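Please set out, in the form of a short report, what can be read from the coordinates of the following chain.

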Amino acid sequence: MLRMDDSEDEEEERNLGKPEGTKKGKLRVKMEGEASSLREKMEQMMKAREESTRKTLETKLLITEKKKEVKLAQVEAKREEAKRKADLEDKMIKLKEAKVWKELMVEGKEHMMMSKKDMDQEQLQWWKYYKEDIAERKRIFRGASSTLRGDTPMSGGGDGGVEDSTIGDNGDA
């Protein structure tokens, strides 16, 4: 009875030198085949995992590149929009300058067209002062305009005024 309670370890020790039986041989071949099959499956799983990881990394790289391209496109669009706005503001400033210049020219022309025949000495003095004021405003306008842009709306030279040859140096007509 005691012999029947032998554990498997003791049984292996006892059968150590004996040749393997048919059942055990078949079992061993089957186990080796299953182990080999499991190894192959494991290798396939590892290869599949590596391939999946590689594809994931490639996809992440592509996504990152696309994001960079989109960002660059957005920056370029903002830059173009800012340039367009700046150009529009420049055009608006030039239009306003041209309008001010035109108004100044009209004012000067109207002033110069005034008849000086019926003016007394005080009115003639006012007329000269006003003429000088218009000329000074034209000079200031030209200076401010050329300082800001390097050009003027009217680049013909002079102050745009008409010299009155009927008035002498002392103000007499």
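The sections below describe the fold, the surface, the aromatic pairs and the salt bridges in turn.

## Basis of the description

The model is a predicted one, in which local features need pLDDT of at least 70 and side-chain atom pairs count only at pLDDT 80 or more, whereas totals for chains, interfaces and linings use all residues. Residues are numbered from 1 along each chain as its sequence is written, and side-chain values use heavy atoms, with hydrogens and water left out.

## Overall fold

The chain contains three helices and zero strands, so that, with helices (H or I, at least four residues) and strands (E, at least two) taken as DSSP runs numbered from the N terminus, the order along the sequence reads α-α-α. Helix α2 covers residues 22–112, and its 91 residues should span 135 Å at 1.5 Å a residue, which agrees with the 133 Å that separates its end C-alpha atoms; the expected span is 1.5 Å times one less than the number of residues.

Among the contacts in the chain with a separation of 6 or more, 54% are made by residues 24 or more positions apart, a contact being a case of heavy atoms within 4.5 Å.

## Burial and surface

Of the 173 residues, 12% count as buried, where buried means under 20% relative accessible area, exposed over 50%, and partly exposed in between (1.4 Å probe, protein chains only). In helix α2 the buried residues are G25, E97, W101, L104, G108, H111 and M112. The accessible surface of the chain comes to about 15300 Å², and 57% of this belongs to carbon and sulfur atoms; such areas come from the Shrake-Rupley method with a 1.4 Å probe, and for residues only the protein chains shown count as cover.

A nonpolar patch on the surface is formed by M42, M45 and M46, which together have about 330 Å² of accessible area. Patches are made of residues with over 30% relative accessible area and no salt bridge, like charges being joined within 9 Å and nonpolar side chains (Val, Leu, Ile, Met, Phe, Trp, Tyr) within 5 Å. M42 is found in helix α2 and counts as partly exposed, at 48% relative accessibility.

## Aromatic pairs

Two aromatic pairs are found in a search of the whole structure, with rings of Phe, Tyr and Trp (its six-membered ring) paired if their centres lie within 6.5 Å, and planes under 30 degrees apart counted as stacked, over 60 as edge-to-face and the rest as tilted. W101 and F141 form a stacked pair, 5.5 Å centre to centre with 25° between the planes. Because W101 lies in helix α2 and F141 in helix α3 (residues 121–149), this pair ties together parts that are 40 residues apart in sequence. Both W101 and F141 are buried.

W126 and Y130 also form a stacked pair, with 5.3 Å centre to centre and 15° between the planes. These two residues are four apart in helix α3, and therefore separated by about one helical turn. W126 is partly exposed, with a relative accessible area of 40%, and Y130 is likewise partly exposed, at 24%.

## Salt bridges

The count comes to 10 salt bridges, each being a side-chain nitrogen of Lys or Arg within 4 Å of a carboxyl oxygen of Asp or Glu. E107 is bridged to R137, the closest N and O atoms being 2.8 Å apart, and the pair links distant parts of the chain, since E107 is in helix α2 and R137 in helix α3, 30 residues apart. E107 is partly exposed, with a relative accessible area of 21%, as is R137, with 30%.

E69 counts as partly exposed at 47% relative accessibility, whereas K66 is exposed, with a relative accessible area of 52%. In helix α3, R139 and E136 are three residues apart, about one helical turn, and their closest N and O atoms are 3.3 Å apart in a salt bridge. R139 is partly exposed at 44% relative accessibility, and E136 at 37%.
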